[in-house]
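I opened my notebook and decided to go through the chains one by one. Here is what I looked up, in the order I did it.

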Amino acid sequence: MLSNILSDLSLYRRLIGMQLRTQAQYKFNLLIDVGTYLFVTTMEFFGVLFYFGSFKSILGWTIGEVALLTATASFGFGLAEMIGAGIDSFDVTIRRGEFDRLLLRPVSAFIQVIGSDFRLRRLGRLTQGCIAFAIGFVLLPGFHWTPAKLLILLLGIASAAAIFVSILLMSATLCFWTVETTELFNSLTYGGREMMSYPLTIYHQLLQRFFLFVVPLAFGAYIPVCYLLDRPLPFDMPAVVAFASPLVALAFTLVAGAVWRFGVYHYQGTGS
Amino acid sequence: MLRFYIEVARTAFRRQLIYRWANLAGLITNAFWGAIISYLIIALYHARPVAAGYSVQDTLRYTWLAQAMIMIVLTFGWYDLMLTIRSGEVISDLSKPCDFYWYWFSREFGRDLYYLLFRGLPTYVSGMLLFSAGIPGRLDVWLLYAVSFLLGAMLGIAYRFLYNVIAFWVVEARAVGGMAGAIALFFSGGYLAVVFFPPWLRAIADWLPFNGLLNVPAEIFLGKLSGGDLWLNLARQLVWLIVLTLVARLVAAAATRRVVVQGG
Amino acid sequence: MTTMIEAEGLSKTFRVARRRPGLIGSLRSVFDPEVRVVPAVQDLSLNVGRGEMIGLVGPNGAGKSTTIKMLTGILVPSGGTMRVAGLNPVQQRRELASRIGVVFGQRSQLWWDLPLIDSLRLLRHLYRVPEARHSANLANLRALLELDEFMDTPVRQLSLGQRMRGDLAAALLHDPELLYLDEPTIGLDVVAKARVREFLLAINAERNVTVLLTTHDMDDVETLCPRMLIIDHGRKLYDGTVTAIRERFGGERMLIAILDPAEFAALARDGNGLPILGDLPAGVTIASADNPKIALSFRRDAIPAHELVAWLGARYRLRDVTFHEPEIEDVIRRIYEEGLLLAEAYV
């Protein structure tokens with residue numbers, strides 16, 4: 001079992017390496033793409049910051065704190081966009097009838113799907129995340145690091161990436177049934193991500209519970225940042241819950257994996 | 001000739017009718033975005049009831065109006081013309097005995113009508129249902145809004161024509177188009193209401209063409225513009241419309257010449 | 001193990017929902033779907049020994065692809081049992097995948113933007129082939145398929161023939177015991193087709209690779225496959241040799257006789273300009289004549305070939321005699337159109 005995972009990872013590394021080499025051929029285009037994406041995401045970010053010219057805070061969150069939140073969300077989900085690119089374009093794979101070929105290989109179809117693309121241009125969003133982090137820390141002179149906080153932040157980002165990739169996977173699994181609704185689920189997926197750039201508390205109670213206990217995106221950004229800023233967690237959860245992010249992410253990933261396997265099973269039963 | 005352009009517009013309208021699912025998906029996206037920003041705005045206004053002269057009701061309306069109008073006036077991410085240039089189809093378009101700019105204008109006008117009915121209206125109505133956005137009561141506001149909206153829509157057509165037609169000369173046209181769309185979206189009030197811009201930026205934004213795409217009609221809708229201010233803004237819209245249209249036509253003529261001389 | 005494929009009573013039924021037009025229609029389809037039952041494959045049994053080369057022939061929609069998908073484990077059968085290379089294709093799909101190779105005529109498994117050599121190298125990892133074996137195979141296949149000239153060219157720039165050779169190499173790098181080919185010669189020119197066929201014969205001879213080949217090209221079948229399967233409407237109609245089928249359903253044969261030129265010129269002509277040969281036996285007609293050649297078309301069941309030759313030789317000085325067999329395409333077409341075997345299949 002372990003050796004299977006290791007060989008799958010090594011295969012993934014190779015597939016990605018090949019993707020990167022192909023994309024690196026077009027260095028100029030890549031630079032422009034990254035630049036454009038950075039530009040657009042930065043504009044969005046400043047859009048939010050400008051509100052603070054007229055309003056002091058968002059439900060008590062100051063500009064620096066919001067910047068931190070946005071940065072964490074951008075980083076985690078930006079990573080997921082880079083890694084999950086192959087999953088995102090799964091509808092194209094299905095439409096072209098190329099999934100059969102993946103099943104004809106003696107390796108996991110999932111690894112082949114996730115290894116089929118890697119969007120370097122999403123580095124633009126990660127760069128914006130870095131800028132947001134920088135701005136955030138500048139605007140929070142009172143902030144000081146502890147080892148626990150650093151750990152929580154890193155775990156949070158990793159969890160965010162895992163959760164978002166899982167969402168992409170479940171959304172892609174729908175393609176086994178129909179490709180018509182792809183756009184719809186895309187907008188829901190990316191909408192959810194967008195919501196995580198703002199404090200969870202601005203949303204309706206139901207939505208808060210949804211993003212904590214159903215699709216736990218909040219564990220990727222909001223919860224870790226609350227811990228970093230010594231803020232209370234929603235619904236009076238103890239601060240230590242912040243350490244549970246990876247566990248939550250893992251559980252969610254397992255669910256997504258099961259959904260995916262079910263999708264493949266269905267595909268084999270009904271053909272394309 | 002006018003008959004021809006009307007027919008072009010009608011065809012474009014009809015062609016959009018097929019994309020029902022895509023439209024529904026887009027509509028839900030618009031409504032979703034509107035909702036997210038609405039929550040943000042409500043949270044912001046907890047701190048104070050009025051900011052920069054806008055009440056929470058004003059800002060909510062602005063937000064939903066932006067979501068409703070965005071597909072009509074901007075349609076960033078619109079690359080139809082660029083694609084015909086890339087594929088070479090544009091050459092046959094340019095050889096047609098009609099004006100290149102008015103041809104595309106009619107097409108986009110037809111599409112805009114579709115988006116008005118099937119995207120704009122439903123989006124704003126959802127805003128009314130979900131967040132009680134509300135509508136102005138006075139007829140004169142509606143009339144002025146309609147005029148300004150029309151000017152903005154036509155301005156939008158000229159703008160996207162321009163950032164597409166540069167594909168004749170620029171290889172990286174798509175990237176430029178992406179940035180052009182993002183800048184326009186920002187300065188028109190698509191990300192946040194122009195009234196919240198820092199004063200120095202606001203001063204610049206007031207004189208940019210993008211202001212007329214969304215912000216001016218929106219402010220009229222909110223009843224924030226009256227008297228001298230109102231006519232000034234409408235005049236600026238009109239002037240930019242004329243300027244951009246003239247530039248677009250000049251560029252179209254240059255493109256036609258280039259194609260005729262160089263054969264694409 | 002001498003049996004490569006053992007399939008018994010395989011069947012696959014698809015449930016196809018009818019799509020209703022319009023937005024309301026789509027919503028209705030979710031809650032109240034109208035389902036049609038489509039039997040794609042019915043009661044198909046098959047036994048293929050190691051090292052055999054078999055052609056799978058049938059009209060479009062006959063169930064050939066569905067059968068192959070089931071045998072490779074991609075599709076779960078609705079009924080029947082099968083074992084391929086001793087494995088259960090559905091349950092042991094990945095294990096089976098390392099023992100088979102598949103080539104699709106119309107879809108390549110090579111990476112579009114990469115040079116051919118990169119694709120072939122990458123496949124080593126996808127199939128977990130040890131380095132030494134992979135290198136040896138690669139060298140061998142490079143030579144056999146003459147890949148060196150375009151090894152470094154990106155796949156998207158290759159001609160169809162070159163790409164097919166690349167795909168063949170890709171399918172064989174991991175030493176599969178069984179090779180499935182789906183329309184491998186489609187779209188290729190005559191020379192390229194010949195090369196592909198030579199190659200397949202070579203690997204079958206050298207490595208004893210079992211080959212199952214789907215095709216519409218009868219030359220493929222005649223050149224490569226001693227054994228042919230005809231599938232129509234999901235059923236196996238025929239499983240035997242090409243010659244046997246031609247003999248059974250061949251219908252007409254052609255006898256080409258070279259007569260003495262002087263004698264030929266002396267023959268009387270009819271209204272069409274064809275020479276008149278008096279007392280032609282029943283079932284024999286003159287197809288064409290071009291001094292000194294005359295072509296006679298005759299039905300197998302009307303008169304045996306040697307009798308016709310004897311009849312001709314008795315009356316005319318024959319310089320040479322040859323026979324032309326009917327095109328197998330025509331034979332197959334007749335079988336489809338007239339349902340010649342379908343009646344038997346239900347017996």
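Predicted model: local features only at pLDDT ≥ 70, side-chain atom pairs only at ≥ 80, totals over all residues.

**Chain B, the rest**

I looked up the extent next. The C-alpha trace of chain B spans about 60 × 40 × 35 Å along its principal axes. Then I went for the elements and found 11 helices and two strands in chain B. I wrote down their order from the N terminus: α-α-β-β-α-α-α-α-α-α-α-α-α.

How much of chain B counts as buried? I found 49% of its 264 residues. I also checked contacts in chain B with a separation of 6 or more, and 83% of them come from residues 24 or more positions apart.

**Chain A against chain C**

I moved on to where these two chains touch. Chain A puts 15 residues into the contact and chain C puts in 20. On the chain A side, helices H1 (2-24), H6 (99-103) and H13 (245-270) each supply at least two residues. H1(A) gives the most, with four residues. I sorted the chain A side by type as well: six nonpolar, five polar and four charged.

**Strands in chain C**

I picked strand S1 (residues 3-17) of chain C and asked what it pairs with. One partner is strand S2 (residues 35-49) of chain C, running antiparallel and joined to S1(C) by 11 bridges. In that pairing I found Lys12(C) opposite Val41(C). Another partner is strand S4 (residues 79-84) of chain C, also antiparallel, with five bridges to S1(C). There, Ser11(C) stands opposite Gly79(C).

**One residue: Leu172(C)**

Is Leu172(C) buried or exposed? I counted it as buried, because it has 22 C-beta neighbours inside 10 Å and the cut-off is 20 or more. I placed Leu172(C) in helix H6 (residues 160-172) of chain C. Leaving out residues up to four places away in sequence, I found that Leu172(C) touches Gly101(C), Asn137(C), Leu141(C) and Ile203(C). Last, I looked up Glu206(C), which is 34 residues from Leu172(C) along the chain, with 13 Å between their C-alpha atoms.

How values were computed. Residues numbered from 1 in each chain as written. Chains lettered and ligands numbered in written order. Buried ≥ 20, exposed ≤ 12 C-beta atoms within 10 Å, placed from the backbone. Contact = placed C-beta atoms within 7 Å. Nonpolar A, V, L, I, M, F, W, Y, C, P; charged D, E, K, R; others polar. Pairing = 2+ DSSP bridges.
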